[in-house]
Amino acid sequence: MTTPSPPTTDGSPQNGTTALKKALTTPLLYFFILGDVLGAGVYVLVGQIAAESGGAVWLPLLLALLLSLLTAASYAELATKYPRAGGASHYATLAYGPFTGFLAGYCMLAAGIVSVAALARGFAGDYLTAFVSLPMVLVAAVFLCCLALLNARGISESTRANVAATVIEVGGLLLVVGLGAWLMLRGDGDPGRLLRLGTADTGAAAGVLGGTVLSYYSFVGFETSVNVAEETRDPRHSYPRALFGALVTAGAVYVLVGVVASAAVPTGTLARSSGPLLEVVKEAGGVPPKLFSAIALVAVANGALLTGIMSSRLAYGMARDGLLPRFLTRVLPRRRTPWASIAATTALAFLLALTGDVATLASTLVLLLLVVFFLVNTAVLVQRRDRPAHPHFRAYTAVPVLGAVSCVVLATRVEAEVWARGLIVIAVGVALGIVAALHRRRASS
């Protein structure tokens with residue numbers, strides 16, 4: 001038996017070996033990231049963006065893409081510099097120590113749970129109403145229980161369901177773009193709405209920035225891809241190409257969706273709808289609304305499933321490391337899935353779904369991710385002092401600086417109600433981090 005090589009300072013084994021198989025090529029990684037980013041957010045948030053920014057829905061989506069690319073560049077540098085699973089928590093630990101690393105991981109976990117809660121409310125909206133009208137509480141409870149059961153059944157079953165659902169949800173977005181383009185070509189709609197910035201309650205600049213905060217939610221997902229950098233064959237070249245390519249592709253689709261939705265449907269109608277893309281289908285005609293509603297429900301369910309899987313595994317890993325209660329490490333004897341973490345994250349998502357609308361929950365998620373992204377952008381600058389032997393992607397220094405500044409600017413546009421909710425969540429994380437630090441100190445003494 002050979003002795004495994006000791007780890008290096010960057011957390012990867014020596015001699016170029018790795019504990020995980022390097023199987024991901026650039027195209028495979030591109031589609032992995034694209035499937036993560038192109039999700040359910042745009043299906044439910046276009047109306048909320050219109051309510052904030054007016055008819056120019058496309059502009060906040062474009063700005064959110066550009067700001068996401070800044071932080072993505074920081075992730076690309078750190079993921080190729082330290083190609084191992086762990087993500088933001090690992091980078092924050094290297095730069096600032098275990099307490100900040102725990103806080104980054106905790107904010108990622110909390111953001112995932114909030115995202116599932118937002119999607120549960122989105123599932124209970126106008127898309128479902130096309131088939132049946134049921135109380136939101138009942139729909140959210142049944143929806144989350146079904147997702148938890150699929151999650152507990154096994155990761156292979158969940159990922160197979162994800163492949164089919166991703167194809168359906170991307171097809172739904174392309175269908176909306178096609179229908180909107182057809183509607184405008186036949187002379188319907190009002191392209192003039194595309195230049196109307198702000199609303200009666202907000203000025204142009206404030207409206208666009210508020211819409212950008214919500215639009216940021218649609219790009220959530222790219223940050224989780226750093227966990228597979230260790231399994232990429234040539235992370236130095238493949239990871240940045242796949243990451244930027246997937247983000248630009250998703251952004252192009254989102255901007256096109258924003259253009260056709262705003263031109264096809266009056267801004268007030270979009271703002272009042274919890275199924276805004278369904279309004280485009282109704283205006284264009286030719287496609288049964290129930291068919292598109294079914295596509296949208298699949299997209300929402302898939303987004304919630306993927307995020308639920310991530311959240312439950314992150315909670316399990318943190319509990320295994322002694323950062324959360326050990327109870328969360330319990331698994332099903334035959335399935336070997338973390339049932340306790342699945343149950344806990346599902347219960348928390350249900351409670352959160354009862355406490356706020358989709359826009360409030362989405363803004364809360366964005367606030368939590370802005371904390372994580374600020375730590376990642378600044379960690380790039382701190383870790384410039386570390387020069388590993390292997391080559392890696394390097395962003396221009398201005399990029400992480402602008403990325404960190406963008407996080408602060410967007411945070412200032414988050415409403416006071418969302419800040420109050422987010423600070424409570426962060427305060428719990430700080431308390432848990434202190435307890436975990438004391439536990440580690442006692443264990444090492």
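These legends walk through a few close-up views of one predicted model.

Residue numbers start from 1 along each chain as its sequence is written, and side-chain values use heavy atoms, leaving out hydrogens and water. Because the model is predicted, local features need pLDDT of at least 70 and side-chain atom pairs count only at pLDDT 80 or more, while totals for chains, interfaces and linings use all residues.

**View 1**
The chain has 17 helices and 0 strands. Both are DSSP runs numbered from the N terminus, with helices being H or I over at least four residues and strands being E over at least two. Of the 445 residues, 53% count as buried; that word means under 20% relative accessible area, with exposed being over 50% and partly exposed in between (1.4 Å probe, protein chains only). Contact here means heavy atoms within 4.5 Å. Among contacts between residues at least 6 apart in sequence, 83% join residues at least 24 apart.

A nonpolar core is a set of buried Ala, Val, Leu, Ile, Met, Phe, Trp, Tyr and Cys residues joined through side-chain atoms within 4.5 Å. The largest one has 126 residues, and Tyr 43 and Tyr 75 touch the most other members. Helix α5 (residues 98-123) gives this core its largest share, 16 residues. Look around Tyr 75: setting aside residues up to four places away in sequence, its contacts include Ala 88, Tyr 91, Phe 222 and Glu 223. Val 226, Tyr 239, Val 372, Phe 373 and Val 376 are also touched by Tyr 75.

Searching the whole structure turns up 1 cavity of 30 Å³ or more. A cavity is a set of points, on a 1 Å grid over the protein atoms alone, where a 1.4 Å probe fits but cannot get out; lining residues have an atom within 4 Å of a point. Grid points are joined across faces, edges and corners, and a volume is the space filled by probe spheres set on the points. The largest cavity has a volume of about 140 Å³. Of the 15 residues that line the largest cavity, Val 116, Leu 147, Ala 304, Gly 308 and Thr 346 are the closest to its centre. Helices α7 (136-153), α13 (289-320) and α14 (339-353) each supply at least two lining residues, and the largest share, 6 residues, comes from α13. By type, the lining has 9 nonpolar residues, 6 polar and no charged. In that count, Ala, Val, Leu, Ile, Met, Phe, Trp, Tyr, Cys and Pro are nonpolar, Asp, Glu, Lys and Arg are charged, and the others, Gly among them, are polar.

Thr 212 sits in helix α9 (residues 204-216) and is buried, at a relative accessible area of 1%. Its side chain reaches the backbone oxygen of Val 208 at 2.7 Å. Neighbours within four places in sequence aside, Thr 212 is in contact with Pro 60, Leu 63, Ala 64, Leu 67 and Leu 410. Leu 63 belongs to helix α3 (residues 58-81) and counts as partly exposed, at 30% relative accessibility. Beyond its neighbours within four places in sequence, Leu 63 is in contact with Val 208 and Thr 212.

**View 1. Val 425 in helix α17.**
Helix α17 (residues 416-444) holds Val 425, which counts as buried at 18% relative accessibility. Not counting residues up to four places away in sequence, Val 425 touches Tyr 106, Ala 110 and Leu 368. Cys 107 is 318 residues from Val 425 along the chain, yet their C-alpha atoms are separated by 8.3 Å.

Notes: 1 Å grid on protein atoms, 1.4 Å probe; cavity = no way out; pocket = protein on both sides within 12 Å on 5 of 7 lines; lining within 4 Å. Polar contact = N/O pair within 3.5 Å; in protein donor to acceptor, adjacent residues only side chain to side chain.
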